[in-house]
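Keep the viewer open as you read.

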Amino acid sequence: MAGAVSAINIDDLRSLAKARLPRMVFDYIDGGAEDEITLRRSVDRFADYEWVWNALVDVSKINTATKVLGQPNAQPYFVSPTAASRLFHPMQGELATARAAQAAGIAYSVSTLASHKIETIAAAAPDIPKFIQVYVWKDRGIVRDFLARAKAAGYVGCILTVDAVSAGYRERDPRNGFSIPPSVNWKTATQALARPGYLADLARSPEIGPANFEGVDTGGRDVMGVINELFDRTMTWKDAEWMAKEWGGPFAIKGISTAEDARRAVGSGASTVWLSNHGGRQIDTSVPVVDLVPEVREAVLDEIEVIADGGVRRGSHVLKLIARGATSVALGRACLYGLAAGGEAGVARALEIMSVDVARLLGLLGVPDVSDLDQSLLRLRTR
């Protein structure tokens with residue numbers, strides 16, 4: 001924990017996470033699909049967009065607040081939904097992240113495949129906006145019941161993920177013999193024994209799995225098996241429209257990559273369009289999201305929120321996405337590295353690093369209010 005608190009940047013938290021986790025678990029956070037080209041380019045592409053700035057502007061007061069799914073948010077970023085967080089911190093998982101998000105005053109999105117019950121997570125962070133992320137199951141009754149539970153627990157927005165009808169081919173996982181929950185074989189046992197602290201935490205914790213579907217027959221499948229076998233591959237825009245009506249409140253469609261699909265999302269009832277390449281974990285050689293934001297922003301009305309994610313490791317990455325036209329930015333790996341490195345304190349440090357980065361850069365850019373940031377201060381490097 002002490003190391004996580006003193007981390008200087010997100011890469012420091014990544015290094016601490018790597019030192020604490022068995023290789024198979026770290027690679028699950030850190031890896032991407034196939035050759036991992038999208039994984040790398042999503043980060044590297046930000047460097048191709050270079051800043052100019054406004055001089056002699058009063059920046060004695062900096063406003064970083066924005067809205068996410070219509071809810072007030074202290075920063076231009078919030079926490080993205082990620083599955084099975086107890087895998088990375090067996091004792092607390094999503095509860096640690098929820099508490100850190102509450103302390104930072106930012107929204108928290110909870111995955112369908114969370115490893116704590118959604119009611120327990122909501123109780124851990126009662127004072128911030130919480131959103132529930134869903135897929136379309138083959139059994140629509142499961143979806144309907146799950147959404148009813150989320151409403152009853154105080155979740156105020158719903159996120160439909162549409163880019164994971166099957167799991168991408170993440171080659172690190174089969175090489176490591178990885179599964180959720182972890183299974184014991186000669187590969188995984190050797191990796192776990194190399195990290196005795198993690199192994200002790202795992203032994204003292206309940207089995208890790210999709211905690212919100214204990215009554216659903218998953219046929220003994222791990223999380224990837226649930227995605228591949230129980231989620232509906234026949235899903236169309238009609239299903240998205242059904243989901244939006246079933247939820248009846250702020251609704252985002254996550255996993256959009258084209259202007260045409262952004263318009264379809266709005267036509268299907270989405271109040272928010274979420275541009276995402278799933279962190280490079282689904283389709284390799286997909287276009288970095290920072291390149292896609294302007295055409296999607298142009299395709300939808302100003303009243304429609306545009307969320308973006310992918311490769312965000314610094315406050316400057318957040319602000320480049322905002323300048324390109326995003327309303328807010330979702331943090332995935334940055335928070336998971338913090339969680340793995342130091343639990344709640346590690347997530348809190350990740351969010352603090354980002355908040356300091358964002359406020360500092362807004363001041364240096366001469367933009368005291370994040371809502372005034374636009375593409376006029378960016379240049380695309382051509383050399």
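## Helices α2 and α16

In this predicted model, helices α2 and α16 run roughly antiparallel to each other. Their axes come within 10 Å and cross at roughly 175 degrees, and because angles over 145 degrees count as roughly antiparallel, the label applies to this pair. On the α2 side, the residues that meet α16 are I10, L13, R14, L16, A17 and R20. Their partners in α16 include A334, Y337, G338, A350, I353 and M354.

Which residues of α2 (residues 10-20) are buried? They are I10, L13, A17 and R20. These residues sit on the same side of α2, because they cover an arc of only 80 degrees around the axis. At the N-terminal end, α2 is capped by N9, with a side-chain oxygen 3.1 Å from the backbone nitrogen of D11.

Helix α16 spans residues 333-365, and R349 is found in it. Is R349 buried or exposed? With a relative accessibility of 17%, R349 counts as buried, since the cut-off for buried is under 20%. Its side chain reaches the backbone oxygen of A7 at 2.8 Å. Leaving out residues up to four places away in sequence, R349 touches A4, V5, A7 and I8.

Y198 lies in helix α10 (residues 196-203) and is buried, with a relative accessible area of 2%. Although Y198 and L21 are 177 residues apart along the chain, their C-alpha atoms are separated by 6.4 Å. Beyond its neighbours within four places in sequence, Y198 is in contact with R20, L21, P22, V25, L87 and P90.

## Nonpolar cores

The largest nonpolar core has 107 residues, and I132 and L321 touch the most other members. Which helix gives the largest share of this core? That is α16, with 16 residues. Among the residues that I132 touches, not counting those up to four places away in sequence, are V110, I118, F146, L147, Y155 and W247. Apart from this core lies another, of 10 residues, among them V68, L69, A252 and W274.

## Helix α5 and its cover

Helix α5 (residues 94-104) has E94, L95, A96, T97, A98, A100 and A101 as its buried residues. What covers them includes the strands β4 (77-79) and β5 (108-110), together with the helices α6 (118-124) and α16. G105 follows α5, and its phi is positive, near 70 degrees.

## Two leucines with positive phi

L56 has a phi near 55 degrees, a positive value in a residue other than glycine, and lies in the loop between β1 (49-51) and β2 (66-68). L69 has a phi near 50 degrees, again positive in a residue other than glycine, and is found in the loop between β2 and β3 (71-73).

Terms used. Residues are numbered from 1 along each chain as its sequence is written. Side-chain values use heavy atoms; hydrogens and water are left out. Helices (H or I, at least four residues) and strands (E, at least two) are DSSP runs, numbered from the N terminus. Buried means under 20% relative accessible area, exposed over 50%, partly exposed in between (1.4 Å probe, protein chains only). A polar contact is a pair of N or O atoms within 3.5 Å; within protein, one must be able to donate a hydrogen and the other to accept it, and residues adjacent in sequence count only if both atoms are side-chain atoms. Contact means heavy atoms within 4.5 Å. The arc is that of the directions from the helix axis to the C-beta atoms. A nonpolar core is a set of buried Ala, Val, Leu, Ile, Met, Phe, Trp, Tyr and Cys residues joined through side-chain atoms within 4.5 Å. Axes are lines fitted to C-alpha atoms, for helices over the stretch in contact, and angles run from 0 to 180 degrees between N-to-C directions. Angles under 35 degrees count as roughly parallel, over 145 as roughly antiparallel, 65 to 115 as roughly perpendicular and the rest as oblique.
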